[in-house]
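Today I am opening my notebook on a structure that is new to me.

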Amino acid sequence: MSRLSLVWSSLFRRKIRTLLTLLSVVVAFLLFGLLRSVADAFTVGVDIAGVDRLVVSPKYSIIDPLPIAHLNQIAAVSGVTAVTQAGWFGGIYQDRSKFFPKYPVDPRGYFELYPEYRIDPAQLDAFAATRIGAVAPKQLAEEFGWQIGDRIPIEADIWPKRGGDRNWEFELVGVYDAPTLEVQPVEFLFQYDYFDEARQYGTGGVGWFIVRVDDPAHSAEVARTIDALFENSPNATRTATEAEFAMQFANQVGDIGLMMTGILGAVFFTILLLTANTMAQALRERIPELAVMKTLGFTDVGVATLVLGEAMLLCLLGGMFGLCIAVALEHQIAIAIKGILPTFSISAGTLIMGALLAAGLGIAVGLVPALRARRLAIVDALRGH
Amino acid sequence: MWRQIIEITVMNLRNLPARIGASSVIVVGIAGVVGVLVALISMAIGFRAALENTGAPDRAIVLRGGSGGELASGIGITDVAIVETMEGIVVSSPEFFAIADVPKRSSATPANLVVRGVTASAFELRPELRIVAGRGFEPGRRELIAGVGAIAEFAGIDLDADVAFRDSSWRIVGVFESRGDANESEVWADLPVAQDAFRRSGAVSSMRVKLDSPARAAELTRRIDEDPRLDLALTPEVDYYSAQAAGLSALITGFGNVVATIMAVGAVFAALNTMYAAVSSRTIEIATLRAIGFSGTPVVISVMIEALLLAVLGGVLGAAIAYGAFNGNTISTLGDGFSQVAFDFAVTPSLIATGIAWAVALGAVGGLFPAVRAARLPITTALRGE
């Protein structure tokens, strides 16, 4: 009988008890997989952010416009290899609950700054050439069933057209995706030039600039130079890496990471207590049995390893099932909460962390019984005190 | 029958201390479920209360048509004049709404603080607002009054502190309270001074109006819709704020229920485990009772009572921990209007009742199957001991 099968058979000696304990461990890891991913979804901008990209936003408030004239001045800063602009359109497609971000951009400039976004060159040409043209992420186009050539009506909330008309209409000329990214982009893009001409007020303003630097090592210096350039103008800027910019938004929502950690802490404390209790109970019942094994020639360490192995096996099995269920549910959950967290997905990092946690839990609950098993004196144990 | 139930139950409970380790698993497991449930839902309740308290039935908000919120809205001076003189409007308060980047105390990263420019009629319109420290701002000066929520959440927002918005420095001269509503998350300034500082002279963001009766709102909404000069929308404050609260509070409540349900599954397994162990450690005792004439039902009921008592204990413990740790704590989040809304966790009596109801349900499920097994034990085999 191999070691593993010995561990296996002693684990399933009490089927119902082991099964119930196993299921509660499964539940703990299912929750771990899901909650960790929710926390990740809030900070996802940080991960997709390119290190050589900076974001130049208004210094005092995100609602202030920056003049488009900043573009040329930023482009002239040494160390800047490319710069483009984007902005927040708001807007409602069908109804408010189906929200997705919409940015007025310079078609070629935007895709140059985001080389990880893949678009058919002919579609990019069409985007640059079509005044009311727009491109959508592939997932979004699929979700709404948009075809190339479709007219997409969007109702303005912030930006009415000149004359007060709130109805904008864009023509879908292309779709794009980002095959190298784990999390797909979500922004609907249209021409800045058309938007700027047609809007009622705010002409010549943009939301933020995106800058590429020649070397990530120069980022801090380039950021300082850009901010210094506009410091005494009425349109002062704040330049940060993409990661910092994204973090600002995540932090605005609240400390989601801390909240998820709190809940998971409560879950794992409960499971730890429960599993440890089961293991201790299992050990107590088997003291005579362990003594017999020691009599037969199993070493102290060997017996302790068996007991520890049992706890490890239980936790690893539970962890594996729990994480598998989380992965199986991932797609459905992602669809259900897409409106709120468009980037929900379970990352490899979460799965690895879960596996390590399962091993750690196994050690935590198995260690004390294992040590007791090791110290067990054969005579006392056989006497069945 | 009743005597049998009482006797067995009392006997069970007397030897409960001997099984304290195993029994505490039920208590802790259920305390975890109820604690997480109560903590999360108290957040949703607190958020909704903060927003819904802001509205009053006889007040309404006027925004540019289609704008949906104060940040996106803008109203020209001529439109303000038209609305002000409409019949049925008792007080009207043109207001300017902007957001400024100010670091939060908790994260030190910039967050959106609402700066509201108001005239004297804003205070007339909102009698619930009281200055609790310092004084009101003086018209024409760069002075602010800060809500208690803004002070709690934002770094550098304190009485008598100077804060830098834009190129200029503002002094906080007063602190106000307003029934814990969303206004408390804001700082207020004199309307023309704020418009000038934020370079938005000539237009306001919204108008608040007090109506001569709540019933007037529908009529005014129609009159404004039909007026060809106006592209505005009037919404009763109560509707406006409950729409703003709906999304996030539904999200948190839904999330809380899902997480608690998944945890509850784990806790039921734990409870089953414990109660099966409790029954099996008492096999001989139960069989003896049966042999001397006790029937099965009292045995089932006594096991159920034990499970329920432990569960309720867990529920009370979980709710108490959530209450002690969170009730009244102020946190803030990004509200619908793209601005920070500070609110308090609200652990209400009905929420505690919900938590304990969950505990009872979990205890009932966790006790039922082991109880049935206890009653079905074949007496002779059981007496022989395994």
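Before I look at any helix pair, I note that an axis here is a line fitted to C-alpha atoms, for helices over the stretch in contact, and that angles run from 0 to 180 degrees between N-to-C directions. I also remind myself that this is a predicted model.

**Entry 1: two helices in chain B**

With that in hand, I looked up H8(B) and helix H11 (residues 349-376) of chain B, whose axes come within 8 Å and cross at roughly 35 degrees. The crossing of H8(B) over H11(B) is right-handed. I then asked which residues of H8(B) and H11(B) make the contact. From H8(B) I found B:Ala264, B:Ala267, B:Val268 and B:Ala271, among others. On the H11(B) side, the list includes B:Trp358, B:Leu362, B:Gly363 and B:Arg373. Sorted by class, the contact of H8(B) with H11(B) has 14 nonpolar, 3 polar and 1 charged residues.

**Entry 2: where the chains touch**

Next I turned to the contact between the chains, which takes 43 residues from chain B and 39 residues from chain A. Which elements give two or more residues to the side of chain B that touches chain A? I noted helix H2 (20-54), strand S3 (89-103), strand S4 (110-118), helix H8 (237-281) and strand S13 (330-334) of chain B.

**Entry 3: the domains of chain A**

I moved on to chain A, where the domain assignment gives domain 1 (3-44 + 255-383) and domain 2 (48-253). I looked up the spacing too: the C-alpha centres of these two domains of chain A lie 46 Å apart.

**Entry 4: a sheet in chain A**

Here I found 4 strands forming an open, antiparallel sheet in the order S3-S11-S1-S12 (chain A).

A:Leu54 stands opposite A:Val211 in S11(A).

**Entry 5: helices across the sheet**

Last, helix H9 (residues 219-230) of chain A lies across S1, S3, S11 and S12 of chain A, running at about 170 degrees to S12(A). Helix H10 (residues 242-253) of chain A lies across S1 and S12 of chain A, at about 105 degrees to S12(A).

Terms used: Residues numbered from 1 in each chain as written. Chains lettered and ligands numbered in written order. Predicted model: local features only at pLDDT ≥ 70, side-chain atom pairs only at ≥ 80, totals over all residues. Pairing = 2+ DSSP bridges. Contact = placed C-beta atoms within 7 Å. Domains from an automatic or database assignment. Left-handed = near helix turned anticlockwise from the far one by under 90°. Nonpolar A, V, L, I, M, F, W, Y, C, P; charged D, E, K, R; others polar.
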